[in-house]
Amino acid sequence: MIRVQITDGTADIDENAWIAGLFADVDFIQIRERGLNPRDLSRLVRRAMRVGPGILVNDRTDVALATGAAGVHLRGNSVSPSEIRRIAPAGFVITIALHENEAAPAGADYALLAPIFSPLSKSNLGEPLGLAGLRQATGLSKVPILALGGITTENTRQCMEAGAAGVAGITLFRRR
């Protein structure tokens, strides 16, 4: 089971607390800090890389490549994964966001499908797809699907039984 911790956009408030909140035992940490300029984001990514090697930079392929991060997470309207594959080193991981039952574009390693359940950390993401939507998407996709949106330790197993290759989330990985 693949596990992806997504950061919550608060690194600029207290960077040391933010770093302390990163989990070293997940497969990937998706750095989702949209408010940072490229220089500060690069510094933060390098610092996070000391916690875990599976760092994915949210929608900033330039920063991911410049820092030597493991890969990039692309929003739905980003450049295509196949374009990034042409310039990325071997082994560079590309994840992509999906918000409905659509095929993930060629070149992606994983697709994060959301929301499966009502999100715990965001609102206005649309009607949850539910386990039936997750099951349908995993049946159609050639790319492994990671369940996102309202994922808890209690419903992770249901997502896996519906065909997900793993789970991703913000709240799921918050330290208690």
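This note sets out numbered points on the cores and on selected residues of the structure.

1. This is a predicted model, in which local features need pLDDT of at least 70, side-chain atom pairs count only at pLDDT 80 or more, and totals for chains, interfaces and linings use all residues. Residues are numbered from 1 along each chain as its sequence is written, and side-chain values use heavy atoms, with hydrogens and water left out.

2. A nonpolar core is a set of buried Ala, Val, Leu, Ile, Met, Phe, Trp, Tyr and Cys residues joined through side-chain atoms within 4.5 Å; buried means under 20% relative accessible area (1.4 Å probe, protein chains only). The largest such core has 43 residues, and those with the most contacts inside it are Trp-18, Ile-31, Val-45, Leu-134, Ala-147 and Cys-159. Its largest share, 4 residues, comes from helix H2 (residues 38-48); a helix here is a DSSP run (H or I) of at least four residues, numbered from the N terminus.

3. Contact means heavy atoms within 4.5 Å. Not counting residues up to four places away in sequence, Cys-159 touches several residues, including Phe-117, Leu-134 and Ala-147.

4. Thr-138 lies in helix H5 (residues 130-140) and is buried, with a relative accessible area of 19%. The side chain of Thr-138 reaches the backbone oxygen of Ala-162 at 3.1 Å. Leaving aside neighbours within four places in sequence, Thr-138 is in contact with Ile-145, Ala-162, Gly-163 and Ala-164.

5. Ala-11 counts as buried, at 4% relative accessibility. Not counting residues up to four places away in sequence, Ala-11 touches Trp-18, Glu-33 and Leu-44.

Technical notes
Buried < 20%, exposed > 50% of the residue type's maximum accessible area, 1.4 Å probe, protein only. Helix = DSSP H or I, 4+ residues; strand = E, 2+ residues; numbered from the N terminus. Polar contact = N/O pair within 3.5 Å; in protein donor to acceptor, adjacent residues only side chain to side chain.
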